[in-house]
Amino acid sequence: MRISFKLNGRPVEVDVAPNELLINVLRDKLKLTGTKYGCGIGECGACTVLVDGKPVLSCLTLAVDVNGREVVTVEGVSEDGNLTPVQRALVEEGAIQCGYCTPGFVMVGEYLRSKKRAYSEEEIRSLIRGNLCRCTGYVNIVKALAKALGGG
């Protein structure tokens with residue numbers, strides 16, 4: 001079946017199988033490899049993208065479900081080619097080690113930033129609980145997100 005949707009601000013059309021997952025369409029068909037395949041069962045958050053402005057796990061989302069909608073991946077969040085405050089803070093605070101989980105944290109951070117409010121570190125810890133990182137221990141991630149979101 002052919003679906004069409006807005007991807008990172010641009011219209012796209014792609015042929016998909018009825019049971020094809022969004023992550024596979026993004027990575028394999030559209031060659032956007034910033035979205036990471038982690039666990040494949042919705043436990044790690046590495047595959048997080050925004051669908052109509054809300055965080056969605058692309059490893060659990062059927063591609064047909066984004067037909068007519070807007071999808072933003074980590075490749076689509078930069079501001080005129082520059083890092084967003086979330087991306088910049090993650091770098092500045094040393095919150096990136098292997099980087100595999102980073103796209104998921106960026107996407108959750110961008111969703112929170114779209115709410116235009118500050119978050120406490122406690123709130124941030126709660127809001128990122130669906131995103132796993134095996135390297136950093138979360139201290140710098142939480143610090144970076146608090147900084148980017150006006151709470152730190």
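**Ground rules.** I am working on a predicted model, where local features need pLDDT of at least 70 and side-chain atom pairs count only at pLDDT 80 or more, while totals for chains, interfaces and linings use all residues. Residues are numbered from 1 along each chain as its sequence is written, and side-chain values use heavy atoms, with hydrogens and water left out.

**Entry: the sheet.** I looked up the strand order and found an open sheet of five strands, S2-S1-S5-S3-S4, with mixed pairing. Two strands pair if DSSP finds at least two bridges between them. Strands (E, at least two residues) and helices (H or I, at least four residues) are DSSP runs, numbered from the N terminus. Strand S2 (10–15) and strand S4 (54–57) are the edge strands, each pairing on one side only. From one strand to the next, the twist averages 40°.

**Entry: S3 and S4.** Strand S3 (residues 48–51) runs antiparallel to S4, and four bridges join them. I noted Thr48, whose bridge partner in S4 is Leu57.

**Entry: helices on the sheet.** Helix H1 (residues 22–29) packs on the sheet and touches strand S1 (2–7), S2 and S3. I read contact as heavy atoms within 4.5 Å. The direction of H1 makes about 100° with that of S2. For such angles, axes are lines fitted to C-alpha atoms, for helices over the stretch in contact, and the angles run from 0 to 180 degrees between N-to-C directions. H3 also packs on the sheet, touching S3, S4 and strand S5 (70–72), and its direction makes about 35° with that of S3.

**Entry: inside H1.** Which residues of H1 are buried? I found Leu22, Ile23, Val25 and Leu26. Buried means under 20% relative accessible area, exposed means over 50%, and partly exposed lies in between (1.4 Å probe, protein chains only). The buried residues of H1 pack against S1, S2 and S3. A general point for reading this: an α-helix has 3.6 residues a turn, so residues three or four places apart point the same way. After H1 comes Lys31, which has a positive phi near 60°.

**Entry: Thr35.** Is Thr35 buried or exposed? Thr35 counts as buried, at 1% relative accessibility. Thr35 lies in the loop between H1 and S3. Leaving out residues up to four places away in sequence, I listed what Thr35 touches, including Ile23 and Leu26 as well as Val49, Ser58 and Val74.

**Entry: S1 and S2.** I then looked up the hairpin of S1 and S2, which has two residues between the strands, and saw that Asn8 takes a positive phi near 50°. S1 and S2 run antiparallel, joined by six bridges. Arg2 has Asp15 as its bridge partner in S2. The side chains of Arg2 and Asp15 also meet in a salt bridge (3.2 Å, N to O). Asp15 is in strand S2 and Arg2 in strand S1, so the pair ties together parts that are 13 residues apart in sequence. I found Asp15 partly exposed at 44% relative accessibility, and Arg2 partly exposed at 46%.

**Entry: other salt bridges.** Asp52 forms a salt bridge with Arg69, with the closest N and O atoms 2.8 Å apart. This pair links distant parts of the chain, 17 residues apart: Arg69 is in the loop between S4 and S5, and Asp52 in the loop between S3 and S4. Arg69 is partly exposed at 34%, as is Asp52 at 41%.

I next looked up Glu79, which forms a salt bridge with Arg113, the closest N and O atoms being 2.5 Å apart. Arg113 lies in helix H3 and Glu79 in the loop between S5 and H2, so this pair ties together parts that are 34 residues apart in sequence. Arg113 counts as partly exposed at 25% relative accessibility, and Glu79 as partly exposed at 34%.

How values were computed: Salt bridge = Lys/Arg side-chain N within 4 Å of Asp/Glu carboxyl O.
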